[in-house]
Amino acid sequence: MIKFRSGLTAMTTLLLCSTLTGCWSSSPIEERNLEVGIALDTGTQSREEKRLQKRGGGYPKQELIRRTVQFELPEAQGGSGSKDGPSQAKNFYNLEETGDSMMEITRETYLQTNSPAGFHLKTIIISSSLLSRIPMYELLDYFLRDNDIRLSLLIMISTGTASDVLEKTTVPGKVPTLALKDLFDNRKRNSRMAKPLPLAKIIGPLKSNQSFILPNVITTDHEIKVAGAGVIKGKTQKYAGFLSETEVEGLQWIKGDIAGGIVKETDPQSGKIIEYEIKSAKSKIQAIIDGDDISFHVHMTSNGRIAESFKPAKNSGNNRLMAQETKWVEEKVNELAHNAAARMRELRVDVGGFGEALRIQHPEVWKKVKDDWDNAFVNIPVTYSTKIQIEDFGAAAMTVN
């Protein structure tokens, strides 16, 4: 009996020791290449590939995708013993491959780099030209199925060449993809910046054929910039058109999806600039049914302050002028919202939440129009009202009138 217990104890000890060795099949993190960003553009065949395709060489006849992956190189950050210092070392590299499916492209990557890892991926940027040819769900299907990919990664669009965005950075010494991701922290200061959608929140629109927008990222001579938004049409899941920065601003007023920013207006009499800083904003879309007629009213509210005014300081505390400033800001917000809805009608897409409001408030009516909603929305009238509450006029309002 004693021998049996001793043997059992030895076996248990051996098993416990084996659990302390870590994951036997894992690779050290420093030996893996961490993917931080991906750019997707239209691909082109080489002359040799075209020649072989004509001879039946098996090359695809469908659209090709050019994928550029950005890898972070933590060891290139430099340190106290670095001759050039951390700012001189390039801390990323980009790898490009072309194919007709993401799985094929990924496997080709293994021929060029060691142990690529997707669990650190932050951003996918898709060119509008590629999205005009291939539906969004086809481009993202691989990423939605891959267990290594986190659903928190952000999806964006580029009306230029997507891979160019991976070459430039707004912060010297920082990986371009990570610098781009940090830009969206500025939404609380700029109401013209569209909200990036994580992969998890794109699943719903893809399944329900719902139209949506993605922030548009472009490159200038020396940097990257968020400029307007791209519209993805629900039924086709393809690129439908572009929203300018002011149209994005108006759309976000309609949706009440503003984290902060300013409204800039001009005094119609003096031509002087007035700027209202947004502290909070809300909206409510009311669907109105009158027989067979549908209409909407959008009511927007906001609290904020006068952040800047080019009018003489002696007028800053005048109650009558304060009321005028409030009215001018309200009219400007109504104009922004109206112009955004007009652009939606031009593109024949509803990305403002009007259909959702109708579905919730009048489900029976929604059932009748939902199959052709984008076309029906074009002819539906929308009215707007805004209530601005100015809580702070700044120190200038304390001056002698």
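Guide: Let's go through a helix, the cores and a hairpin. Keep in mind that this is a predicted model.

Visitor: Which residues of helix α5 are buried?

Guide: Start with the general idea: an α-helix has 3.6 residues a turn, so residues three or four places apart point the same way. Helix α5 covers residues 136–145, and its buried residues are Met136, Leu139, Leu140, Tyr142 and Phe143. Looking down the axis of α5, you find these buried residues within an arc of 150°, so they line one face of the helix.

Visitor: And the cores? Which residues touch the most other members in the largest nonpolar core?

Guide: A nonpolar core is a set of buried nonpolar residues joined through side-chain atoms within 4.5 Å. Here the largest one has 45 residues, and Trp253, Ile254, Phe296, Phe354 and Trp373 touch the most other members. Helix α9 (residues 319–347) gives the most to this core, nine residues. There's also a second, separate core of 30 residues, with Leu40, Ile134, Leu139 and Ile202 among them.

Visitor: What is Trp373 in contact with, leaving aside neighbours within four places in sequence?

Guide: Trp373 contacts Phe296, Asp350, Phe354, Gly355, Leu358, Trp366 and Ile380.

Visitor: Now the hairpin. How many bridges join β11 to β12?

Guide: Six, and the two strands run antiparallel. One of the pairs is Thr266 with Ile273 in β12. Six residues sit between the strands, and Gly271 in the turn has a positive phi of about 75°.

Visitor: Which face of β11 is covered?

Guide: Gly261, Val263 and Glu265 make up the covered face, while Ile262, Lys264 and Thr266 form the uncovered one.

Terms used. Residues numbered from 1 in each chain as written. Predicted model: local features only at pLDDT ≥ 70, side-chain atom pairs only at ≥ 80, totals over all residues. Heavy atoms only, no water. Buried < 20%, exposed > 50% of the residue type's maximum accessible area, 1.4 Å probe, protein only. Helix = DSSP H or I, 4+ residues; strand = E, 2+ residues; numbered from the N terminus. Contact = heavy atoms within 4.5 Å. Arc of directions from axis to C-beta. Pairing = 2+ DSSP bridges.
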